[in-house]
Amino acid sequence: MIDLPRSDLIDAHAHVWDRSCDFVPGARYRPDYEATIDTYLRVLDAHGIARAVLVQPSFLGTDNRYLLDCLRTHPDRLRGIVVVDPRITDQALADMAGMGVIGHRYNMVGRDPGVLRTGAYRDLTARATAFGWWTEVQAKGEDWPDIADLLRSDGARVMVDHFGLPSALTCRGIAALEDWDADRLCVKLSAPYRQSCADYVHAARRLTDSAPEPALAWGSDWPWTQHEGRHVYADCLAWLESWTDDRARATISAALGPLGF
């Protein structure tokens with residue numbers, strides 16, 4: 001069994017939406033079901049987990065209304081990571097922060113990571129950092145060395161989705177994540193099925209062996225979009241146990257503050 005008390009464990013990566021949400025035109029994935037906040041909270045309750053971070057799914061684009069409604073309804077239990085247009089105003093960012101938003105997300109899968117070097121995106125990253133937010137990034141492992149150099153030079157607080165999606169145990173992206181100050185980086189141990197590295201257990205161990213540099217978080221990736229029907233929540237908890245030892249779990253527990261609770 002996992003030694004870390006479930007009451008201290010945060011699910012740092014989950015997605016929610018309902019049928020009222022508008023999908024982005026041309027979205028690569030359009031789920032034909034809803035994953036409501038009520039359903040998700042019942043799943044957390046069934047597993048003794050009190051708190052979670054909701055991450056805006058890519059297919060909803062910058063329409064964060066449902067996520068923000070969830071944060072307003074459950075302020076003691078939820079925090080959020082939004083997706084915003086780089087032209088967003090500082091006041092809008094401040095309003096979101098007041099609702100429990102702790103970061104913004106860039107999904108660079110299928111996109112040229114060079115866009116993060118443009119003025120608009122660097123300005124957004126800087127403004128988000130000034131609010132104390134995380135800049136959460138989903139990117140393929142081979143892109144992480146360049147992304148890491150840029151975001152490190154900009155002083156961003158970076159949250160890495162899904163191990164950094166390494167392509168292999170020797171992926172340069174893992175090395176780029178190991179060489180980082182722990183107080184500016186948090187790597188999510190989540191969604192092994194989204195990476196092409198067949199040896200993801202050892203990829204996880206390589207990161208956890210370097211803890212607390214980088215800091216670690218765990219996420220279920222509920223409801224496993226594009227992988228529905230292949231997993232249950234208990235699987236995700238079992239994976240965490242297989243990936244970590246007592247020291248790494250203590251690091252995850254210590255991440256409670258950085259996750260905004």
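Residue L124 is found in helix α4, where helices are DSSP runs of H or I with at least four residues and strands are runs of E with at least two, numbered from the N terminus. The model is predicted: local features need pLDDT of at least 70, side-chain atom pairs count only at pLDDT 80 or more, and totals for chains, interfaces and linings use all residues. Residues are numbered from 1 along each chain as its sequence is written, and side-chain values use heavy atoms, with hydrogens and water left out.

**Surroundings of L124**
- L124 counts as buried because its relative accessibility is 1%; buried means under 20% relative accessible area, exposed over 50%, and partly exposed in between, with a 1.4 Å probe and protein chains only.
- Leaving aside neighbours within four places in sequence, L124 is in contact with V84, P86, I88, H104 and Y106, contact meaning heavy atoms within 4.5 Å.
- L124 and I102 lie 22 residues apart along the chain, and 14 Å separates their C-alpha atoms.

**Nonpolar cores**
- A nonpolar core is a set of buried Ala, Val, Leu, Ile, Met, Phe, Trp, Tyr and Cys residues joined through side-chain atoms within 4.5 Å.
- The largest such core has 74 residues, and those with the most contacts inside it are I37, Y40, L54, W144, W218, W222 and Y233.
- Helix α8 (residues 233-243) supplies the largest share of this core, 6 residues.
- Apart from that core lies another, of 11 residues, with I10, I102, C186 and L259 among them.
- Not counting residues up to four places away in sequence, W144 touches V137, A139, V158, V160, G164, G173, A176 and L177.

- In helix α2 (residues 65-73), the buried residues are Y66, L67, L68, C70 and L71.
- The cover over these buried residues includes α1 (37-46), β2 (51-55), β3 (78-82), α3 (90-99) and β4.

**Largest pocket**
- On a 1 Å grid over the protein atoms alone, a pocket is an open set of points with protein on both sides within 12 Å along at least five of seven lines, whereas a cavity is a set where a 1.4 Å probe fits but cannot get out; lining residues have an atom within 4 Å of a point.
- The largest pocket holds about 850 Å³ of space, a volume being the space filled by probe spheres set on grid points joined across faces, edges and corners.
- Its lining has 34 residues, of which R28, S58, F59, N107 and Q138 are the closest to the centre.
- Both β4 (101-107) and α4 supply at least two lining residues, and β4 gives the most, with 3 residues.
- The lining divides into 14 nonpolar, 13 polar and 7 charged residues; Ala, Val, Leu, Ile, Met, Phe, Trp, Tyr, Cys and Pro count as nonpolar, Asp, Glu, Lys and Arg as charged, and the others, Gly among them, as polar.

**Cavities**
- The whole structure contains 2 cavities of 30 Å³ or more.
- The second largest cavity holds about 30 Å³ and is lined by Y106, L116, Y121, R122, T125, L150, L151 and D154.
- Two or more residues of this lining come from each of α4 (119-130) and α5 (144-153), with α4 giving the most, 3 residues.
- This lining divides into 5 nonpolar, 1 polar and 2 charged residues.

**Buried arginine**
- R157 is found in strand β6 (residues 157-160) and counts as buried because its relative accessibility is 16%.
- The side chain of R157 reaches the backbone oxygen of G132 at 2.6 Å.

Methods:
Polar contact = N/O pair within 3.5 Å; in protein donor to acceptor, adjacent residues only side chain to side chain.
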